[in-house]
Amino acid sequence: VRQDIERLTRSISQQEQAHQQRHTQIQVLENTLQQAGAQGLEEQRQTQAGELDRALRRVAELRRRAQALDLLCTKLQGKRQAALASLQAPLQKHLQHYLQLLFPHASVQVGEKLTPDSLVRRTATGGMESGDFDALSFGAREQLALISRFAYADLLREAGRPTLLILDDALVHSDTKRLALMKRVIFDAAQRHQMLLFTCHPAMWRDMGVEVQLIVQIG
């Protein structure tokens with residue numbers, strides 16, 4: 001019995017000594033971690049995990065909003081194109097009517113700004129050429145701009161609105177051949193609209209089929 005007591009007493013002493021050593025080692029490790037700034041890593045991990053979760057939810061929300069905006073943009077673009085086409089078609093029809101008087105067999109395309117965008121016409125050799133409106137000569141641009149006014153006037157007339165066209169020294173940059181063709185255009189438009197043409201060169205317009213009125217400005 002005495003030997004058993006001595007054996008167990010020694011065992012208890014060894015266990016207490018080992019426990020004390022482990023306690024000391026734990027304190028040393030805690031101090032080392034504290035000096036290295038590693039304390040609270042679990043709390044930091046949980047905080048970062050929470051922020052990541054919030055960020056992922058925000059990303060999902062923004063993705064849904066972006067998809068909704070893309071869908072809305074697609075729908076609006078489709079509506080815009082449909083509305084633009086409904087405006088371009090009648091305008092292009094009237095432009096085409098006047099254009100045949102100026103450039104036979106030519107065609108014009110109306111752009112998004114509802115103005116002539118490009119012109120396809122026959123060349124002197126019999127071929128067809130295409131060019132942007134801005135690439136045309138100044139005289140050609142002036143003629144197409146005047147034709148556009150007549151086309152818009154036709155649209156207003158179809159809508160039951162009164163029209164009055166005032167031309168002030170128009171077509172001053174047109175040569176004799178083009179001017180003769182544009183007189184056909186103006187005479188055609190005058191069959192549907194009231195038109196006043198002011199000019200400092202009355203001799204150029206005596207063949208319009210109307211009496212020239214002389215206006216004298218004094219002072």
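**The nonpolar core**

Mentor: The largest nonpolar core has 34 residues, and those with the most contacts inside it are Leu119, Ile147, Phe150, Leu171 and Ile186. A nonpolar core here is a set of buried Ala, Val, Leu, Ile, Met, Phe, Trp, Tyr and Cys residues joined through side-chain atoms within 4.5 Å; buried means under 20% relative accessible area, exposed over 50%, and partly exposed in between (1.4 Å probe, protein chains only). This is a predicted model, in which local features need pLDDT of at least 70 and side-chain atom pairs count only at pLDDT 80 or more, while totals for chains, interfaces and linings use all residues. Residues are numbered from 1 along each chain as its sequence is written, and side-chain values use heavy atoms, with hydrogens and water left out.

Two or more core residues come from each of helix H2 (41–102), strand S1 (107–110), helix H3 (138–158), strand S4 (164–168) and helix H4 (176–190). Helices (H or I, at least four residues) and strands (E, at least two) are DSSP runs, numbered from the N terminus. H3 supplies the largest share of the core, seven residues.

Leu119 has contacts (heavy atoms within 4.5 Å) with residues including Leu99, Phe103, Val108, Glu129 and Leu144, leaving aside those up to four places away in sequence. Glu129 in turn forms a salt bridge with Arg121, the closest N and O atoms being 3.3 Å apart; the term requires a side-chain nitrogen of Lys or Arg within 4 Å of a carboxyl oxygen of Asp or Glu. Arg121 is buried, at 18% relative accessible area, whereas Glu129 is partly exposed, at 37%.
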